[in-house]
Amino acid sequence: MSNRIQLFKENTKFDDDLDIINQVWDFLCGNERTENKLSPNLTEEKAWNIIYYLQEYVPIFPDTIERCNDCGNLFDAEAEGGVSDDDERIYCESCIGDHIIIDDNNEETIK
Ligand SMILES: [Zn+2]
């Protein structure tokens, strides 16, 4: 897992970029892990839109952090998981096994 996000203050609270984005995610959603009373308590969909915006439009966050289309967890796509063959869906390491189909010719397809 990589560390590309530059923090403006010395901080050893975060393990890596995924940890930072997970903290932002928890804050935006009002998840227990942050328990910050300033949380806007957004839906996961709205929270993801903000993180996506900070990846693609104002590129502060690395765009390798993805949201699993199955379980909804965030993960580092450079380190784990995979994309469906039609490029429409992305899965974390825990879920991708449920989407791999091996046909009679031993050809692997990710649905
Ligand atoms: Zn998943």
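Buried here means 20 or more other C-beta atoms within 10 Å of the residue's own, exposed means 12 or fewer, and partly exposed is in between, with C-beta atoms placed from the backbone.

Before going on, some ground rules. This is a predicted model, in which local features need pLDDT of at least 70, side-chain atom pairs count only at pLDDT 80 or more, and totals for chains, interfaces and linings use all residues. Residues are numbered from 1 along each chain as its sequence is written. The term pLDDT is the predictor's confidence in each residue, from 0 to 100. For this protein the mean pLDDT is 93, and 98% of residues reach 70 or more.

Ala47 sits in helix 2. Helices (H or I, at least four residues) and strands (E, at least two) are DSSP runs, numbered from the N terminus. Leaving out residues up to four places away in sequence, Ala47 touches Trp25, Leu28, Cys29 and Leu42. Touching, or contact, means that the C-beta atoms of two residues, placed from the backbone, lie within 7 Å. Ala47 and Cys29 are 18 residues apart in sequence, yet their C-alpha atoms are 6.3 Å apart in space.

What about Cys29 itself: is it buried, partly exposed or exposed? Cys29 has 19 other C-beta atoms within 10 Å, so it counts as partly exposed. Cys29 is found in helix 1. Its contacts, again not counting residues up to four places away in sequence, are Leu42, Glu44 and Ala47. The C-alpha atoms of Cys29 and Pro40 are separated by 7.0 Å, with the two residues eleven apart along the chain. Just after helix 1 comes Gly30, with a positive phi of about 75°.

Now helix 1 as a whole. Helix 1 has 13 residues and reaches 18 Å from first C-alpha to last, close to the 18 Å expected at 1.5 Å a residue. That expected span is 1.5 Å times one less than the number of residues. Its buried residues are Leu18, Ile20, Ile21, Asn22, Trp25 and Leu28. Helix 2, strand 1 (65-67) and strand 2 (74-76) are among what covers them.

Next, the overall layout. The protein has three helices and six strands, in the order α-α-β-β-β-β-α-β-β along the sequence. Its C-alpha trace spans about 55 × 25 × 25 Å along the principal axes. Of the 111 residues, 14% count as buried. Of the contacts between residues at least 6 apart in sequence, 30% join residues at least 24 apart.

The domain assignment gives domain 1 (15-62) and domain 2 (64-111); such bounds come from an automatic or database domain assignment. The C-alpha centres of the two domains lie 22 Å apart. How many residues of each domain are in contact with the other? Nine residues of domain 1 are in contact with seven of domain 2. On the side of domain 1 that touches domain 2, helix 1 (17-29) and helix 2 (44-56) each supply at least two residues, and helix 1 gives the largest share, five. By class, that side has six nonpolar, one polar and two charged residues. For these classes, Ala, Val, Leu, Ile, Met, Phe, Trp, Tyr, Cys and Pro are nonpolar, Asp, Glu, Lys and Arg are charged, and the others, Gly among them, are polar.

The largest nonpolar core has twelve residues: Leu18, Ile20, Ile21, Trp25, Leu28, Ala47, Ile51, Phe61, Ile65, Phe75, Tyr91 and Cys92. A nonpolar core is a set of buried Ala, Val, Leu, Ile, Met, Phe, Trp, Tyr and Cys residues joined through C-beta atoms within 7 Å. Helix 1 gives the most to this core, five residues, and each domain contributes at least three.

Last, two asparagines. Most residues other than glycine have a negative phi. Asn41 has a positive phi, near 50°, and lies in the loop between helix 1 and helix 2. Asn41 counts as exposed because it has 11 C-beta neighbours inside 10 Å. Asn106 also has a positive phi, near 65°, in the loop between strand 5 (100-102) and strand 6 (108-110). With 6 C-beta neighbours inside 10 Å, Asn106 counts as exposed too.
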